[in-house]
Amino acid sequence: PGPASSRLDLWDETGETVGTLEAISVLSDWEHLYEPCGERAIEYLSQSQAEDGSWGGARVTEVDAADGDSALGVFVTGCAAGFLGRSRTARPEVLSAAGAFLGGFWSVDFIRKHGWPAVAGFAHYFTNVFDEEGEAALPWCARELDRGRRVGDYSPQEVLRVLFYCQASALPGVDFDTNGLLDELLKQQQGDGSVGSPEREASSRVASSLDAMLFMLRLCRSGGQ
């Protein structure tokens with residue numbers, strides 16, 4: 001589901017939740033989320049939610065919020081709930097339980113401290129699931145994403161990935177220059193055609209390159225180019 005996905009196996013020993021989220025993310029990227037295979041994956045997520053409302057074994061409490069892994073708990077749960085919120089079959093009680101889990105962590109200080117995984121998880125959730133906290137929380141996610149982009153804390157790929165999760169080029173209070181972000185991303189292309197730092201592992205550069213291709217195809221198509 002994004003740069004944090006490489007650490008999700010800290011919880012998901014069998015890989016089933018991570019694999020399902022990755023598959024749903026790809027189906028969503030290519031606008032196939034509502035096909036039968038997508039609906040079956042959504043149903044699996046609904047059935048695999050933990051008692052505390054989280055997914056992937058990300059069972060952390062508010063007391064643990066100072067730990068970095070709590071941001072990954074927010075990320076995977078926000079991603080799962082965000083996709084469920086966009087489906088046509090999600091059960092209200094599942095989304096409510098996810099909201100209760102995420103609500104234990106939401107604060108402006110939390111997203112400022114934990115950065116991209118927290119911003120991505122909360123933004124995906126608040127965009128796609130009705131939550132009374134969302135009207136005030138989503139603009140803070142947008143401002144943090146914009147701040148991180150301006151100072152270089154978040155890469156163009158990370159910003160575009162959040163916008164694709166939210167199915168938007170703008171978030172409340174912030175209008176992102178998606179074409180400019182794409183230009184920045186493509187400037188990172190290496191001589192071998194990959195996108196990303198050559199020091200990164202090959203598997204990571206493959207993922208970055210596929211994301212860059214997706215962003216280019218979708219953004220150029222939507223812009224009529």
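This is a predicted model: local features need pLDDT of at least 70, side-chain atom pairs count only at pLDDT 80 or more; totals for chains, interfaces and linings use all residues.
A disulfide is a covalent bond between the sulfur atoms of two cysteines. The rule applied here asks for a pair of cysteine sulfur atoms within 2.5 Å, and by that rule the count is 0 disulfides. For accessibility, buried means under 20% relative accessible area, exposed means over 50%, and partly exposed is in between, using a 1.4 Å probe and protein chains only. Cysteine 79 is buried at 0%, whereas cysteine 37 is partly exposed at 34%.

Next, salt bridges. The term means a side-chain nitrogen of Lys or Arg within 4 Å of a carboxyl oxygen of Asp or Glu. The whole structure has 10 salt bridges. One of them joins glutamate 43 to arginine 91, at 3.5 Å from N to O. That pair links distant parts of the chain, 48 residues apart: glutamate 43 is in helix α2 (residues 36-47), and arginine 91 is in the loop between α3 (69-86) and α4 (92-103). Helices here are DSSP runs of H or I with at least four residues, numbered from the N terminus. Both ends of the pair are partly exposed, glutamate 43 at 27% and arginine 91 at 30%.

Now arginine 147, which is partly exposed at 35%. Its salt bridge with glutamate 144 has the closest N and O atoms 2.9 Å apart. Glutamate 144 is buried, at 4%. Arginine 147 also meets the side chain of aspartate 153 in a salt bridge, at 3.0 Å from N to O. Aspartate 153 is partly exposed, at 46%. Elsewhere, a network of salt bridges links Asp29, Arg161 and Asp211.

On to threonine 20, in helix α1 (residues 16-29). Is threonine 20 buried or exposed? Buried, with a relative accessible area of 14%. Its side chain reaches the backbone oxygen of glutamate 16 at 2.7 Å. Contact means heavy atoms within 4.5 Å. Setting aside neighbours within four places in sequence, threonine 20 is in contact with Ala41, Tyr44 and Leu45.

Last, the nonpolar core: a set of buried Ala, Val, Leu, Ile, Met, Phe, Trp, Tyr and Cys residues joined through side-chain atoms within 4.5 Å. The largest one has 59 residues, and those touching the most other members are Trp55, Trp106, Phe122, Leu145, Phe176 and Phe215. Helix α3 gives the most to this core, with 9 residues. Leaving aside neighbours within four places in sequence, the contacts of phenylalanine 176 include Ala142, Leu145, Val159, Leu163 and Leu181, and also Asp146 and Arg149.

Notes
Residues are numbered from 1 along each chain as its sequence is written. Side-chain values use heavy atoms; hydrogens and water are left out. Helices (H or I, at least four residues) and strands (E, at least two) are DSSP runs, numbered from the N terminus. A polar contact is a pair of N or O atoms within 3.5 Å; within protein, one must be able to donate a hydrogen and the other to accept it, and residues adjacent in sequence count only if both atoms are side-chain atoms.
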